[in-house]
Amino acid sequence: LTRTEFDLLVSLSDRPRMAFTRRQLIEAVWGASWVGDDHLVDVHIGHLRRKLGDDASEGKYVRTVRGVGYRMGTGL
């Protein structure tokens with residue numbers, strides 16, 4: 001994993017039942033002063049899923065919470 005992907009995974013796994021917004025993940029990984037498109041998170045989540053062998057429709061490791069953002073999956 002890249003440092004960014006690892007930091008995203010750590011942020012999600014610190015509170016596995018919590019759904020994080022893109023903005024919350026940006027603040028956790030890039031810092032509160034980061035300015036840019038929030039969809040940057042989607043790109044890095046996609047890379048993380050690919051490397052974990054995770055399918056976005058199943059969300060085994062990283063789940064999409066529609067209208068909110070992302071959270072950890074059950075891993076099953």
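**The sheet and what surrounds it**

Analyst: Happy to! Three strands make an open sheet, ordered β1-β3-β2, with antiparallel pairing. Keep in mind that this is a predicted model.

User: Which strands stand at the edges?

Analyst: β1 (20-21) and β2 (62-65) do. Each has a single partner strand, so one side of each is left without a neighbour in the sheet.

User: How many bridges join β1 to β3?

Analyst: Two bridges, and the strands run antiparallel. F20 has Y70 of β3 as its bridge partner.

User: And how many bridges do β2 and β3 have?

Analyst: They pair over four bridges, in the antiparallel sense. V65, for instance, stands opposite G69 in β3.

User: What lies between the strands in the hairpin of β2 and β3?

Analyst: Three residues. In that hairpin, G67 takes a positive phi near 85°.

User: Which helix lies across β2 and β3?

Analyst: That's α3, which runs at about 145° to β2.

User: Okay, new topic: helices. How do the axes of α1 and α2 cross?

Analyst: They cross at roughly 120°, and the axes come within 10 Å. The contact involves T4, D7, L8, S11 and L12 from α1, with L25, A28 and V29 from α2. As for handedness, α1 passes α2 in a right-handed crossing.

User: I see S11 in there. Is it buried or exposed?

Analyst: S11, which lies in helix α1, counts as buried because its relative accessibility is 13%, and the cut-off for buried is under 20%.

User: What is S11 in contact with?

Analyst: Leaving aside neighbours within four places in sequence, S11 is in contact with F20, L25, A28 and V29.

User: Which residues make up the largest nonpolar core?

Analyst: There are 12 in all: L8, L12, F20, L25, I26, V29, V41, I45, L48, V62, Y70 and M72. The elements giving two or more residues to this core are α1 (3-14), α2 (22-29), α3 (40-52) and β3 (69-72). As general background, nonpolar side chains in soluble globular proteins tend to be buried together.

User: Tell me about V62, then. Where is it found?

Analyst: V62 is in strand β2. V62 is buried, with a relative accessible area of 0%.

User: What does V62 touch?

Analyst: Not counting residues up to four places away in sequence, V62 touches L12, I45, L48, R49, D54, Y70, R71 and G73.

User: How about L48, what is that in contact with?

Analyst: With L1, E5, L9 and V62, again leaving aside neighbours within four places in sequence.

User: What separation do the C-alpha atoms of V62 and R3 have?

Analyst: They are separated by 17 Å, and the two residues are 59 apart along the chain.

User: Last topic: how many aromatic pairs does the structure hold?

Analyst: One. W30 and W34 form that pair, and the arrangement is tilted, with 6.2 Å centre to centre and 40° between the planes.

User: Why does W30 count as partly exposed?

Analyst: Because W30 has 24% relative accessibility, which falls between the cut-offs of 20% for buried and 50% for exposed. W34 also counts as partly exposed, at 22% relative accessibility.

User: Great, thanks for the tour!

Note on methods. Residues numbered from 1 in each chain as written. Predicted model: local features only at pLDDT ≥ 70, side-chain atom pairs only at ≥ 80, totals over all residues. Heavy atoms only, no water. Phe/Tyr/Trp six-rings, centres within 6.5 Å; stacked < 30°, edge-to-face > 60°. Buried < 20%, exposed > 50% of the residue type's maximum accessible area, 1.4 Å probe, protein only. Core = buried A, V, L, I, M, F, W, Y, C linked by side-chain atoms within 4.5 Å. Contact = heavy atoms within 4.5 Å. Pairing = 2+ DSSP bridges. Axes fitted to C-alpha atoms, helices over the stretch in contact; angles between N-to-C directions. Left-handed = near helix turned anticlockwise from the far one by under 90°.
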